[in-house]
Amino acid sequence: MATYRLLLLAGCLITLNGLAGTKVDKKDIINGVMVESGKNNSTRFYTGTITKTLPYNMKAVASGIVNFNEKCNDAFSDKRKFTNKNIKCRYHNDNLVETLVIKNIKTSGWQKESGEVERYILGRKIYNRGDFGHHELVRIYEGRNSQDQKTITIVQTMLDDKDVKKYTNPSFSKDSAFDKANSIFTLTEVKANETHLNYHYSAQTDHWILNKEVSIPQVFSSMSKSINDLVKAVSAESSIQHQDLASN
C-alpha cells in the first residue's frame, strides 16, 4: 500500500527520454496501458503509454485535456489555499487538492519553440496522509505530421523550484516522491470529428521503495488506473466541448 500511495502523488501529472539508454527489466500491458520500467544505478524509470481514437474534433479533445482546474477531489476542498473552496470539480482525482493555473508568467529568459502556441505554469497541491506539491510547465504545440494531418501536442513537465522561478514566484516548494516526471498528449486529426490520442507518461525516482523491483507490479497497476481515469475524464469533457462547438 505504501508504494500505491506514493505513486498517486504523481498520478495527477500526468516525456523524459523514456527508457533510452536504460535496460528495461519489466514491462506489461494492463487494461490497454503499456507500462515499462528500468533501472540505471540508483534511479528507476517508469513509463506508461495508451492510445485511443475518440469520436470528437481535435480542439474539443484538447479542451478536455487542459481543463486542469476542473479535476480534483472535492473531499479536500477545505485544504485549498489558492482556489475557491466552494467550486465543485467536474472530474474526480483521488489525491489532487487543487490546481493553480498561472498564465501571467515572466516573458524574459525563454523563447517559444517551433510550433509552440502557448506556455504556462500549473501549481499542483496533493494530499495523501500528508501535504505534497509541485509545479509543472505546460507547453502547447500545433503543427502537421508526415502525413500532413493536423496535430496538437500538449507537454507537461514537473519543475524544480529554481526552474519555476524563471516563470513566476513559486507559491510553495516542491515535495514529491518523483525526481522528474513528464507527460505528452499527442492529438492527430483523423477526420473532422475523429481524433487519435496518444498519451505518454514517464517518471524517474530514487525513492527507496519505488526503485525496488519488488514494487514494480503495484506501481504498474497504479499507473494503469491513473492513466485510464485521466483518459476517461478527457473523453467525457471532449464530448461536452464537441457538442458546444457543434452548436455554435
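Is Glu 113 buried, exposed or partly exposed? Select Glu 113: it is partly exposed, with a relative accessible area of 37%. Buried means under 20% relative accessible area, exposed over 50%, and partly exposed in between, with a 1.4 Å probe and protein chains only.

Some ground rules before moving on. This is a predicted model, in which local features need pLDDT of at least 70 and side-chain atom pairs count only at pLDDT 80 or more, while totals for chains, interfaces and linings use all residues. Residues are numbered from 1 along each chain as its sequence is written, and side-chain values use heavy atoms, leaving out hydrogens and water.

**Stop 1: salt bridges**

A salt bridge here is a side-chain nitrogen of Lys or Arg within 4 Å of a carboxyl oxygen of Asp or Glu. Arg 139 counts as buried, at 16% relative accessibility. Strands (E, at least two residues) and helices (H or I, at least four) are DSSP runs, numbered from the N terminus.

Together with Glu 113 and Arg 139, they are linked in a network of salt bridges. The structure holds 15 salt bridges. Another joins Arg 144 and Asp 148, with the closest N and O atoms 3.7 Å apart. Next, pick Lys 162 and Asp 163, whose side chains meet at 3.5 Å, N to O. Lys 162 is exposed at 59%; Asp 163 counts as buried at 19%.

**Stop 2: the disulfide**

Select Cys 72 and Cys 89. They form a disulfide, with sulfur atoms 2.0 Å apart; the cut-off for such a sulfur pair is 2.5 Å. The link is right-handed, with 110° about the S-S bond. Cys 72 lies in strand 4 (residues 71–72), and Cys 89 in the loop between strand 4 and strand 5 (91–92). Both are buried: Cys 72 at 2%, Cys 89 at 15%.

**Stop 3: the cores**

Select Val 61, Ile 154, Phe 185, Leu 187, Leu 197 and Tyr 199. Of the 36 residues in the largest nonpolar core, these touch the most other members. Such a core is a set of buried Ala, Val, Leu, Ile, Met, Phe, Trp, Tyr and Cys residues joined through side-chain atoms within 4.5 Å. Helix 4 (residues 216–247) gives the largest share, eight residues. Finish with the second, separate core: nine residues, including Ile 105, Trp 110, Ile 121 and Tyr 167.
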